[in-house]
Amino acid sequence: MSDERLVRLTVNGEPRTLAVKPATTLVSLLRDQLDLTGTKRACGTGDCGACTVQIDGQAAASCLTLAVDVDGSEITTVEGLAQGGELHPLQKAFVKHGALQCGYCTGGALMSAKALIDGTPDPSRDEIAEALSGNLCRCGTYPRMVQAVEHWRDFAGAPLDTEPHDAAERDQSRDHRTVGRGVPRYDGPDKVTGRARYTADLRLPGTLVGRILGSPVAHGVVRRVDASRARAVPGVLAVLTGADVPATRYGVSPAREDEQILATDRVRYVGDEIAAVAAVDDETARRALALIDVEIDELPAVFDAEAAMAPGAPLVHPEHPRYAGNVNTRVDWSFGDVDAGFAAADLVREQRFVGNRTYQSPIEPHAALAQWEPHAGRLTVWSSTQTPHYLHRSLSRTLGVPMGQIRVIRPPVGGGFGAKAEATPLEFCAALLARATGRPVRMEYSREEMFRHFRGRHKQYIDLKIGVKRDGTITAVDQRVVLDGGAYTSFGVITAYYAGSMLPVLYKMPAYRYEGRRIYTNLPASGAFRGHGVPQPRFAFESLLDMIAEDLGLDPIDVRLRNAMTPDTRTVNALDVSSCEFTATLARAREASGWDAKRGRLGAGRGIGVGCGGFVSGAGYPIYRSSFPHSNALIRVHEDGTGVSLHILASDIGQGSDTVLVQMAAEELGVPYDWVWMAECDTVLAPLDLGSYSSRVTLMGGHAVQDAARRVKGQLFEVAAGELGCAPADLEARNARIYDRARPDVAMDWAAAARLAFGKNGPVVGLGSYTPPADLGGGFKGSTVGTSPAYSFSTVIAEVTVDLETGFVQVDRVTDFSDAGTVINPVTFHGQVEGSIVMGLGETLLEDTVAGPGGQFVNPNLHDYLIPTIRDTPEIRSVAVESYEPRGPFGAKEIGEGSLVPVLGAIANAVYDACGVRVTELPITPEKILAGLARRRDRGVPPAAASVEPESETHAQTV
Amino acid sequence: MEFRYHRPATVADACALGQRLGAGAAFLAGGTELVPDYQRGRETAGDLIALAGIPGLRGIESGGDTLRIGSLTTVADVARSPLVARWLPALAEAARALGSPAIRNRATVGGNFCRAVSCADLPPAALVAGARLRIATPGGARDVAAAEFFVGARRTVLGPGELLTDLLLPAPPAGRGTRFERFSLRRGMALAVASVAARLDVERGVIAGAAIALGAVAPTPMLVPEAAELLRGGRPSAALFERAAEVCAAASLPIGDVRGSAGHRRRVVRVLVRRALERAAARATTEGPVS
């Protein structure tokens, strides 16, 4: 049915006549026929807004619009916003206000905003929120989007420079520093113009489309896979099954490599990969998948971690005796005298908490593109990965090709949050299909496939016991956690350790016992999600601490202050905390939020709550045993001395790490921010860095960059000293000048020194590296997880309104005080905090993947799995409590993950303050609140004592 | 997603084409439900009859005792129409609650009715207003009451070749107040978990006429005549409204799904009905006649 029709459209002012198939959506036409890839396809069902364009001036979802149906219309895409090379003021406002992070939603959001200001040039905040209510941003840049649209007119006629928007920072003398200033994101201009090419936007001649067939059942033995009918489909160039691919097992944890590229004998969850197809287009590939005949003997399956531990439960990995009882990972820790600690307590409280299986839901679907050079047998893979190095290594080991023959390139990534921290079947299959066909192969997950592949948060069952003295001093803590791991290990071993290791970082405790069990089930594998294993135990701890405070008649903040971690302290589980301003975050958040006046006094249905958190600034040890530096950087000075390139394999996935690394390079070198070019993240161009996970880039990548910059500077000082008649040690570099510290007028241009150095010694290149301190951790089993050069600390105070009749919770206001060491960039810093608050709100109140009776998620899309919108976003006040971390570059620590950790407990505690209902099972839904209120009424108990055990009303599948 | 695409220029041609192609054809208006239904495999029509080329199906105009809303009128048009705001505020509120601007700019009144999903936002308001739907057929036009339009989940009275052309609203009498209330799990762009439209006609302090319609809590949008009966002849009061709300909650037929259990939906219906009645009463008594 390929009866093509001619349609006439005006696209970004240019008349076009195009032949389209009836089923071609406008987004496909724009991307595939016109190469306007600034319009993103991220859900395909009108739920996310990333594909928003203007049709005859009106905002519209181009994924829901058939191209034939808008014949004669005028279409404007994000590429059409800039006029005559001049960015639209809205675009400049987005860059300057920091209203973008990963950038994948940005084009759509800009088009919604443009449609608004076309009709309403001076919109109110409410009008802005309504206009953008359909544009999902998982990075949570909503507060900044509102500001940017509100002030768009300020940017008319103004050039887009790299000066901070904040007047106070702008007015600082440039002499001060580059570090610490809110310079606009390095990648901002590319992302607001649609010029940034993400993996799915790359076009190579002759590229095929690949797709994967997943198992229709949750557990079974694969008897037969017959692809002959699929292979016969015209336009299908290759079909691979388990028999056609390397049998190598792969996985994140070296000791538990339990995944296969394509199943050979057994499938373990709905979606487990069985076959892969490469075809000339997506439609043909999909048709071929449907023609692959698969025979599977279905086996009993288990979908609940506790059920999976019961004797006689179906075994997910029966071939391995080590996984008896479906136990994937076992942790048994005991520090101090736990029994004595509880015996010494005046009060011991114990409570069960249950977490939710949330999904990262980055707006960009995972994508990979692979191409072989046949003459050389070399492979290039472009991937939306957070960890190019681990992907590089996995490809090498799995395909049996030396790393030197593989090139991994990471284009801009549209958000990851942990979902893209490991190699996926997409990269393996793209590489294998490309080899089989001799053509480039591009693969993307659909939104549903993203949910199926998962690697989201482990659902945790937490039994927590805390003993305290009458004054609130903690005497002992006992935590038992069962983690639902799904069918494979992924990051889960590490998750199981993190779930235990971070509790003693925040509060002092003389004795601590932790028992962790990660359990296999026939669900998609859970992995590493922002905060990695820590948010749910922290939610439990912060909730129980409030319950204890109430029992003792103490203020929750006072209890926290009494036990708060202090600087230069070794925790009971042998983690070394150096800088720590936790107490200051508590005290200042208390004051700024008006806590003392508000708590318990906000009236029925309104409440305030506190939650805190502490987190690692980069894992102290790598994922696989190795002795090389974790971060390495190369800085090359351009030969005329007026520019610098920074090469590092660290991955900006939206968090802004490129920007802060460029700032640190500029700072150490003594040159302006806009002298520094960030080289593409490419294993051919940049030395190894372990990538973006465990909140490591600012600290570890920053150190490597600083080290490289020092070495460059040393070479310049050498020649400059000769020129200026002083010793290299006397010199200083700042503002593109090199001068004698004691006699600042004895100086020369930085560029002149660079030219001299080049003339004398050849190219000026500096190599830097960073290895964490060697002696981190206690030496017991698993003691490496949780070690870090430094720890961040924060306090969140949330205010909520609960509709006491429907149970709906609205988060009104959030105050965040965070100690992340020295802030390198206030805009990206606050952006991370705001994004964590928005995401944490979703995890606390909205999000959970729900498995149906057959183990298939019933809500694998963005209209059933609801993430927060701009209209759900509270008023946020984020303040940095600066410390100087001696182990961090320029004194810096992390902010990206730690800022999520306190949010869940703060909201849960605020809900309790508002309505007296203590919900111990996430998410805190309206339904659970109403159940708690009803229980309270039935018992006639005062509001303070109501507690809700999870109510188990069955959720039937959506019709 | 594969289909043949037809683009008739008149209503008569569209009807004739629909009749000829039979049950394997579907009309395409804004596409905001139909296109994702294709993606999810829920829609399989092999022929799409696009309505975009037919003039005259989009627009809102009042003609004496009737407000005519063409079936290709977008939800955004309804949301910002001063006429709708005067004739049936509940409908304007429902239109404003639907989706996001990018959806409302494409989604049509006709699509919202004809896709016949139980959580559609516009039908409850039309039901309480006693609206009629004008249907073009190969043999001419016929009108049906909005309340009789839906026959089951995703099913309407429309047969092959029958095209909804207009939503017809009767003029509101003096003393009428209407209100739309909706509960969803987040504030921005979310489907209704339960919705309610209420109408009260108050004469000299007495409820002379009333209607309550529920959305998302039964296979189709539904009127609750027992509640209307209970209200009629009474004086607006919290107690009366609470009783009507109880009747509605009992009459609802919700399912449990990932958005909430049946029990929670019932509890919410009760709250929404009471709130809708309170607001409708306020409008009927203090905000004066509306047309």
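**A strand pair and its surroundings**

Mentor: A:Val800 faces A:Val811, a residue of β33(A). Please bear in mind that this is a predicted model.

Trainee: In what sense do strand β32 and strand β33 of chain A pair, and over how many bridges?
Mentor: β32 (residues 791-802) and β33 (residues 809-819) of chain A pair in the antiparallel sense, and the pairing extends over 10 bridges.

Trainee: Which strands form the open sheet in chain A, and in what order?
Mentor: The sheet has 4 strands, ordered β23-β32-β33-β34, and its pairing is mixed.

Trainee: Why is one side of β23 and of β34 left without a neighbour in the sheet?
Mentor: β23 (606-616) and β34 (875-880) of chain A stand at the edges and have a single partner strand each, so one side of each lacks a neighbour in the sheet. From one strand to the next, the twist averages 15 degrees.

Trainee: Which strands does α25(A) lie across?
Mentor: α25(A) lies across β23, β32 and β33 of chain A, and its direction is at about 165 degrees to β23(A).

Trainee: At what angle do α17 and α25 of chain A pack?
Mentor: Helix α17 (residues 535-552) and helix α25 (residues 903-915) of chain A pack at about 35 degrees, and their axes are 8 Å apart. The crossing of α17(A) with α25(A) is right-handed.

Trainee: Which residues make that contact?
Mentor: Among them are A:Phe539 and A:Glu542 of α17(A), together with A:Ala908 and A:Tyr912 of α25(A). The contact of α17(A) with α25(A) comprises 5 nonpolar, 3 polar and 3 charged residues.

Trainee: Turning to chain B, how do α11 and α12 pack?
Mentor: Helix α11 (residues 238-251) of chain B packs with α12(B) at an angle of about 140 degrees, their axes being 8 Å apart. α11(B) and α12(B) form a right-handed crossing. The contact includes B:Phe241 of α11(B) and B:Leu277 of α12(B). Of the residues in the contact of α11(B) with α12(B), 8 are nonpolar, 6 are charged and none is polar.

Trainee: How many residues of chain B are in contact with chain A?
Mentor: In chain B, 39 residues are in contact with 48 residues of chain A. β1 (4-6), α2 (34-39), α6 (101-104) and α12 (262-286) of chain B each supply at least two residues of the side that touches chain A.

Trainee: Which element gives the largest share?
Mentor: α12(B) does, with 5 residues of the side of chain B that touches chain A. That side of chain B consists of 20 nonpolar, 12 polar and 7 charged residues.

Definitions and conventions. Residues are numbered from 1 along each chain as its sequence is written. Chains are lettered from A and ligands numbered from 1 in the order in which they are written. This is a predicted model: local features need pLDDT of at least 70, side-chain atom pairs count only at pLDDT 80 or more; totals for chains, interfaces and linings use all residues. Two residues are in contact if their C-beta atoms, placed from the backbone, lie within 7 Å. Ala, Val, Leu, Ile, Met, Phe, Trp, Tyr, Cys and Pro count as nonpolar, Asp, Glu, Lys and Arg as charged, and the others, Gly among them, as polar. Axes are lines fitted to C-alpha atoms, for helices over the stretch in contact, and angles run from 0 to 180 degrees between N-to-C directions. A crossing is left-handed if the near helix is turned anticlockwise from the far one by less than a right angle, and right-handed if clockwise. Two strands pair if DSSP finds at least two bridges between them.
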